[in-house]
Amino acid sequence: MNQQIKPFKKVLVANRGEIAIRVFRALNELGIKTVSIYSKEDKYSIFRSKADESYQLNPEKGPIDAYLDVDTIIDIALSCGADAIHPGYGFLSENPDFVNACERNGIVFIGPSAELMNAMGDKISSKQMAIKADVPIIPGVDYAIHDAETVVKVADEIGYPVMLKASNGGGGRGMRIVNRREDMLKEFEEAKAESKKAFGDDKIFIEKYLRGPKHIEVQILGDNYGNIVHLYDRDCSVQRRHQKVVEYAPAFSIPDNTRQLIFESSIRLAKEVGYRNAGTLEFLVDADNNAYFIEMNPRIQVEHTVSEMITGIDIVQAQILVAEGYPLDSEEIAIPNQESVHCTGYSIQTRVTTEDPMNNFLPDTGTISVYRTGSGNGIRLDGGNAHTGGKILPYYDSLLVKAISHDRTFEGAVRKSLRAMKEMRIRGVKTNIPFLINVLNHEVFKSGKCYTTFIEDTPELFN
Ligand code: ADP
C-alpha cells in the first residue's frame, strides 16, 4: 500500500451552526487551525467566534446563497491558506462541482470524490448501483419516467399505493404517495413541476409505497486505500414529514439476520462504488423484516453522534484523518478491521428545535432570554446558537441543540434523555421539548417499535 499522508495545518468549514462547531472541535483536538465563513446575517452567530479565523461571505448573495457561493468560498480558502475544506451537511456537501473546484485549486475536499457523488448523487443512480451490487431495493423502476402513459402502466404493475419520488429530492421533500389510479395523472404532473422548481430537473421515478416501515441506516467509513468498515446501525424511524426527529443506535429491535444482511449489503455497495470517507446507507425495513436500500448519503449526517457514542469512534476526526491520507489501520485512526469496531450500550439523540409543536411545528424566531442546559452524566450536547442572548434567525433550519444520551441499556438511555429534556429551560423562543418528552415517554418508542408514520398516527404526542 503506497500511503500518501499530507497533514493539514488549516481547514475551512463551509457551513454554519452546530455542524460548523462540531467540526471545529474535531480540528482543534487534532491541532489543526480552523477557519469559519459566515453570511452577513450570521455576523452575530456564535459559531464564527469558535474558529481561529472568520471571514464574511458576499453580503449581496443573501443568507442561503452566500453559503453556496463556490467562487467566494474557494477565494477565501486560498487567501487564508487553508489546505482543506469540510462541507458539513446540507449546503455544498453533496455538490460534485464544488468538489472539483476544490481539487482544481489544490484544496482537499473532506469527503468522497466528485465521481462518486455523481454516481450516487441522485436516487435513481444510487438504485442502479445497488442493483449492480446485488443489494435489495424497493419494487419499482430505476429510470426516470417522463410520460403519463408509462407512469400509469408501471403503477398498475407495482400495485397501489405507490410513491412518486424526485430523483434529486432531499430533506424529506419531493415525495408523493399515490393511493389510487384516478389520482395518478394529477400527482405525476404536479410532482414533475415541483421537482423542476425545487431540484432543477423533472426526473421522477416510482416505487412501491411501504406502509409504516422502519428507517434503518448504516454508518460506514472508508479510507483512500479501499478499506471499509461499518460503525453499526441507527434507527431513525421517528420522523415528521419524512424528516428525522429522534434517532438511536444500535437498531436493537430489528432481528439479527436482517441487521447482518443490512451490514453486509452496505459494505458490498460501498466497496462496489469505491467509497471513501464517511457515508450512510439508508434502508427501509417492512413489517416482515424485509430490508430495502433507499439511498446513500455521501456526507456526515446530523445523527452521526449516536454512532460515535456506541463505538467510541470520533467520526469527524476520522473523516479528517482519512482525507489527510491515513489508512483506517493507522495508529491515528486505529480501526484495523471490522472486528475492532465494538458496540457498547445505547445512544439516543433528540433534536431540540425552535418549532412550536402546538402550532403545526411552525419555526419560531427571536432572542433566547434564558438558556439552561440539561447535561450531566451520560448526556452530550452539540449546540449551534443555543445560549442566552442568542438570536434565532428565520433563514436557517431551526435546530437549536442536539442532546445525545448514552447508557448501558436502552431503558437507561431513555431515562437520561428524558431527564435532560426536563432539565432544559429555554425561554424567549418556543421549542419542541414538550413534544420530545411525549415521544420518549411513549410505550411504542420505549419498545423500539417506532415506524416512520408513528408521529402522524399518534395524536396523543401533541397533548
Ligand atoms: P430524503 O432524501 O428526502 O431524505 P429518503 O429517500 O431518505 O428521502 O426517504 C425519507 C423517508 O421517506 C424515509 O425514511 C421514509 O420514511 C419515507 N419513504 C421513502 N421512500 C418510501 C417508500 N417507498 N415507502 C414508504 N416510505 C418511504
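**View 1. Strands around the ligand.** Strands S6 (162-166), S8 (204-208), S12 (277-285) and S13 (291-297) each give at least two residues to the shell around the ligand. Helices (H or I, at least four residues) and strands (E, at least two) are DSSP runs, numbered from the N terminus. The model is predicted: local features need pLDDT of at least 70, side-chain atom pairs count only at pLDDT 80 or more, and totals for chains, interfaces and linings use all residues. Residues are numbered from 1 along each chain as its sequence is written, and side-chain values use heavy atoms, leaving out hydrogens and water.

View 2. Around the ligand stand 22 residues, and Lys123, Gly172, His215, Gln239 and Glu295 come nearest. A residue counts as near if one of its heavy atoms lies within 4 Å of the molecule. Seven residues of the shell are nonpolar, eight polar and seven charged. Here Ala, Val, Leu, Ile, Met, Phe, Trp, Tyr, Cys and Pro count as nonpolar, Asp, Glu, Lys and Arg as charged, and the others, Gly among them, as polar. Lys123 places a polar side-chain atom 2.5 Å from a ligand oxygen. For Glu282, an N or O atom of the side chain is 2.7 Å from an oxygen atom of the ligand. For Glu295, the distance from such a side-chain atom to a ligand oxygen is 2.7 Å. The protein covers 94% of the 560 Å² of accessible area that the ligand has on its own. Accessible areas come from the Shrake-Rupley method with a 1.4 Å probe.

View 3. The whole structure holds two cavities of 30 Å³ or more. On a 1 Å grid over the protein atoms alone, a cavity is a set of points where a 1.4 Å probe fits but cannot get out; lining residues have an atom within 4 Å of a point. Grid points are joined across faces, edges and corners, and a volume is the space filled by probe spheres set on the points. The largest cavity has about 40 Å³ of space. Its lining includes Leu164, Met175, Arg176, Glu194 and Ile204. S6, strand S7 (175-178) and helix H7 (181-199) each give two or more residues to this lining. Five of the lining residues are nonpolar, two polar and three charged.

**View 4. The second largest cavity.** This cavity has a volume of about 30 Å³. Among its lining residues are His86, Phe109, Pro298, Arg299 and Gln319. The lining divides into six nonpolar, five polar and one charged.

**View 5. The second largest pocket and Asn289.** About 190 Å³ of space lies in this pocket. Its lining has 13 residues, with Lys214, Ile254, Asp286, Ala287 and Asn289 closest to its centre. A pocket is an open set of points with protein on both sides within 12 Å along at least five of seven lines. Asn289 sits in the loop between S12 and S13. Phi of Asn289 is near 65°, a positive value in a residue other than glycine.

**View 6. Two cis peptide bonds.** Most peptide bonds are trans. Tyr160 and Pro161 are joined by a cis bond, with omega about -5°. Pro161 lies in the loop between helix H6 (148-158) and S6. The bond from Ala249 to Pro250 is also cis, with omega near -10°. Pro250 lies in the loop between strand S11 (243-249) and helix H8 (256-272).

Methods: A polar contact is a pair of N or O atoms within 3.5 Å; within protein, one must be able to donate a hydrogen and the other to accept it, and residues adjacent in sequence count only if both atoms are side-chain atoms.
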